[in-house]
Amino acid sequence: MAMDKKKVGILAECVCDLPKSTLQSCGVDILYFLVETENGVFTDTDEITAENVISHMETGGTKTKSAPPPPDVYLKAFEKNLKRYDEVILVAISSRISHSCENAEKAVKLMGEEGKRVHIFDSEHLSTGLGFFVLRAAELANKGCTSYQILEELEAMKPQVSTSFLAKNADYLYRNGLVPAYVKKICSALSIHPVLAMKKGSLRLKTIILGNYDSSCKYYVRQELIGRKNIDKKCAFITHVGCSVKMLKSITAEVEKYCSFDELNITNASATISSNCGPGTFGVLFVRSN
């Protein structure tokens, strides 16, 4: 006798910056973005890593352009998962900074009636900010919740997730067209470190921090956490691009000064995320409680 299909399957994108082992343990399939350099187009994680991107750019490379999978890749993933599940939810990176949702929706249209069993959720976040939605969706799906219940809860989470990063400089942001040349020049001349945050689906300049980078890192952590009484202390992420062990120990100690999380996970940013912000970038990502 064939086993009954599970109700809802969850699909994630590698830009959620969660370890493969975590996604596998939750029963979540993953889609990989593409990163283009002068040397060709590579599949994020499998063929190119953040370390590869940094090495390429630091040794004279001028091009690192990222893109979501094309519609046909989403189509194959949807069809594969619909053999195992009644419905599928793709938990996607913000549509305002990627064509991920657009490509996924094109795939759904190609599926005809079967496409009604696929749901595209625009998280309005990225990196492990997106990761929080993936983990919650998987938790609810594994409890047997319906797609409607899962999507409703994910929608309510959007304003509660705090996704921000401190970049060492504006060089990579400029190279990828995220800031104009004059901003890069000012940041370099005055030792300004930009803090970027997701707001209503867009990545925006939240503030700037001046001076020594080590001191700026501590200041960023303090500003994100100090005095906040509405932080959900179950879990937080320190997600980084090529930070040293020493630097990560310092950041972790600073986080623990201001908030004692049950789980404080250190994760590496994907090649896609890293190509847009550069080495030394890190963020403290968490969820606000109701």
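Analyst: Let us begin with helix α5 (residues 127–142), which lies across β1, β6 and β7 and runs at about 165° to β1. The model is predicted, so local features need pLDDT of at least 70 and side-chain atom pairs count only at pLDDT 80 or more, while totals for chains, interfaces and linings use all residues. Residues are numbered from 1 along each chain as its sequence is written, and side-chain values use heavy atoms, with hydrogens and water left out.

User: How are the helices, strands and angles defined?

Analyst: Helices (H or I, at least four residues) and strands (E, at least two) are DSSP runs numbered from the N terminus. Axes are lines fitted to C-alpha atoms, for helices over the stretch in contact, and angles run from 0 to 180 degrees between N-to-C directions.

User: Which order do the strands of the open sheet have?

Analyst: Strands of a sheet pair through backbone hydrogen bonds, either parallel or antiparallel. Here the open sheet has four strands in the order β2-β1-β6-β7, with parallel pairing; two strands pair if DSSP finds at least two bridges between them. β2 (29–31) and β7 (118–122) are the edge strands, each pairing on one side only. On average, neighbouring strands of this sheet are turned by 25° against each other, direction ignored. Five bridges join β6 (residues 85–92) to β7 in the parallel sense, and Val91 stands opposite Phe121 in β7. Helix α3 (residues 71–82) also packs on this sheet, where it touches β1 (6–13), β2, β6 and β7. The direction of α3 makes about 145° with that of β6.

User: At what angle do α5 and α6 pack?

Analyst: Two packed helices are described by the angle between their axes and the distance between the axes. For α5 and α6 (residues 147–157), the angle is about 155° and the axes are 10 Å apart. The two helices are therefore roughly antiparallel to each other (angles under 35 degrees count as roughly parallel, over 145 as roughly antiparallel, 65 to 115 as roughly perpendicular and the rest as oblique). In this pair, Phe132, Phe133 and Arg136 are among the α5 residues that meet α6, whose partners include Ile150 and Leu154; contact means heavy atoms within 4.5 Å.

User: Which strands pair with β14?

Analyst: Strand β8 (residues 161–162) pairs with β14 in the antiparallel sense over two bridges, and Phe286 is the bridge partner of Ser162. Strand β12 (residues 231–240) is also antiparallel to β14, over seven bridges, with His240 opposite Phe282. Six of the seven residues of β14 (residues 282–288) are buried, so the strand is largely enclosed by the rest of the structure. Buried means under 20% relative accessible area, exposed over 50%, and partly exposed in between (1.4 Å probe, protein chains only).

User: Is Ala271 buried or exposed?

Analyst: Ala271, in helix α11 (residues 271–277), is buried, with a relative accessible area of 1%. Leaving aside neighbours within four places in sequence, Ala271 is in contact with residues including Val35, Asp44 and Ile48.

User: How many disulfides does a search of the whole structure find?

Analyst: A disulfide is a covalent bond between the sulfur atoms of two cysteines. The search finds zero, the criterion being a pair of cysteine sulfur atoms within 2.5 Å. For Cys16, the nearest cysteine sulfur is that of Cys14, 7.6 Å away; Cys16 counts as buried at 0% relative accessibility. The sulfur of Cys243 lies 7.0 Å from that of Cys217, its closest cysteine sulfur, which is too far for a bond. Cys243 is buried as well, with a relative accessible area of 9%.
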